[in-house]
Amino acid sequence: MSSYLDTTFPYYPSNVKITKPLGNISLKEFIRVLREPNERVRELFENIKKASAEGNLKLKSELKRQLFYFNPCINTDGEGRSYSNIESFTGFAQLDFDGITNAPEFRDWFFENCKSATVVGVSSSGLGVKAIARIPIVKTVEEYKSYFYGMGYYLEDYKGFDIAPQNPALPLYIFHDPDTKWREDATVSTVRGEKINAFKKFEGDITVLEDVPEYKKQKVIDIYTRGIGNIVDNGHPTVVGFSSALGGYVVSGYLSEDEAEILIEECISNNDYLSKDHGGYIRTGKNMLVRGMVSPLYLREDEE
């Protein structure tokens, strides 16, 4: 009897610019690879973890580029990784949590409490958790995002929840966790939602928060830092989206415009993919920051 564990999706060589898959892998085999990678891959993982612990982000990025990557959410025509290259969806959604100091404990807790999660493991750095969850097999990117946002509504309060996987074509690099959790009876998450529109002009009086605590300011900084840090291709729309959202947080009072501009410069300058035109991306980021300031954006805990 066929199971969703037999569902296949493409895998690729380490060079993220190569979009023609080497082949397909079943979810069942993918789980085995995460738990029992070969010796070369295990050594890479150890070096990535060491670079992360030492704060050597450049070396960490270079090492990650030597790993295989996967597209667990989609099948493509092999000609690119844009939305137009998507041929079908697999019924899976990718979930990422970054900056988790107690990653193994969070992995176990999340697996037990998210019944749609089929696979949950600790990332290569040891400071993140990655998961694959079941959603309906959709036909469009818009449908996929609606289910992602549906799960995101309940997950965004958890430390490190990353919204970048709203893009179903986002690469998932192989990671090694011998204690990766998996189940054969994951439920299908059918909750749908919408992304908050931070770019529509706000009508009414803007409530500016006063005496914003440092931890909330840091949440906003982390959201932007992760969003830009995860760019490995097709950078323009991500810079536009996150910088516009940053403007919404600025007008709400989480941080000043000057602080936001410095954050944009630092994050874009530290991204390898964006290095081909740092100046242009920084200009785009700052322009979109101003554009985003026409409408306030609040952390969910501050929404009225």
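User: Which element gives the largest share of the lining of the largest cavity?
Analyst: That element is α7, which contributes 4 residues. Please bear in mind throughout that this is a predicted model.

User: And which residues line that cavity?
Analyst: The lining consists of Val 220, Ile 223, Tyr 224, Phe 242, Ala 245, Leu 246 and Tyr 249. Two elements, α6 (214–229) and α7 (235–252), each give two or more residues to this lining.

User: What is its volume, and how many cavities of 30 Å³ or more does the structure hold?
Analyst: The volume of the largest cavity is about 30 Å³. The structure holds 1 cavity of 30 Å³ or more.

User: Changing topic to the sheets: what is the strand order in the open sheet of 4 strands?
Analyst: The order is β2-β1-β3-β10, and the pairing is antiparallel. Strands β2 (23–26) and β10 (172–173) each have a single partner strand, so one side of each has no neighbour in the sheet.

User: Which helix packs on that sheet?
Analyst: Helix α1 (residues 27–35) does, touching β1, β2, β3 (69–70) and β10. The direction of α1 makes about 85 degrees with that of β2.

User: How many bridges does β1 form with β2, and how many with β3?
Analyst: Strand β1 (residues 8–12) pairs with β2 over 4 bridges, in the antiparallel sense. Between β1 and β3 there are 2 bridges, again with the strands running antiparallel.

User: Which residues face each other there?
Analyst: Tyr 11 is opposite Gly 23 in β2, while Tyr 12 has Tyr 69 in β3 as its bridge partner.

User: Now the open sheet of 5 strands: which strands stand at the edges, and why is one side of each left without a neighbour?
Analyst: The order in this sheet is β9-β6-β8-β7-β11, with antiparallel pairing. The edge strands are β9 (161–162) and β11 (181–182); each has a single partner strand, and therefore one side of each lacks a neighbour in the sheet.

User: How does β11 pair with β7?
Analyst: Strand β7 (residues 117–122) and β11 are antiparallel and share 2 bridges. Within this pair, Val 120 has Lys 181 in β11 as its bridge partner.

User: Which strands does helix α4 lie across?
Analyst: Helix α4 (residues 103–113) lies across β6 (92–98), β7, β8 (128–134) and β11. The helix runs at about 175 degrees to β7.

User: Finally, what is the mean pLDDT, and where does pLDDT stay under 50?
Analyst: The mean pLDDT of the chain is 85, and 93% of its residues reach 70 or more. The value stays under 50 over residues 196–200, for which the model has 13 contacts beyond four places in sequence. Where pLDDT is low, the predicted coordinates should not be read in detail.

Definitions and conventions
Residues are numbered from 1 along each chain as its sequence is written. This is a predicted model: local features need pLDDT of at least 70, side-chain atom pairs count only at pLDDT 80 or more; totals for chains, interfaces and linings use all residues. Side-chain values use heavy atoms; hydrogens and water are left out. Two strands pair if DSSP finds at least two bridges between them. Contact means heavy atoms within 4.5 Å. Axes are lines fitted to C-alpha atoms, for helices over the stretch in contact, and angles run from 0 to 180 degrees between N-to-C directions. On a 1 Å grid over the protein atoms alone, a cavity is a set of points where a 1.4 Å probe fits but cannot get out, and a pocket is an open set with protein on both sides within 12 Å along at least five of seven lines; lining residues have an atom within 4 Å of a point. Grid points are joined across faces, edges and corners, and a volume is the space filled by probe spheres set on the points. pLDDT is the predictor's confidence in each residue, from 0 to 100.
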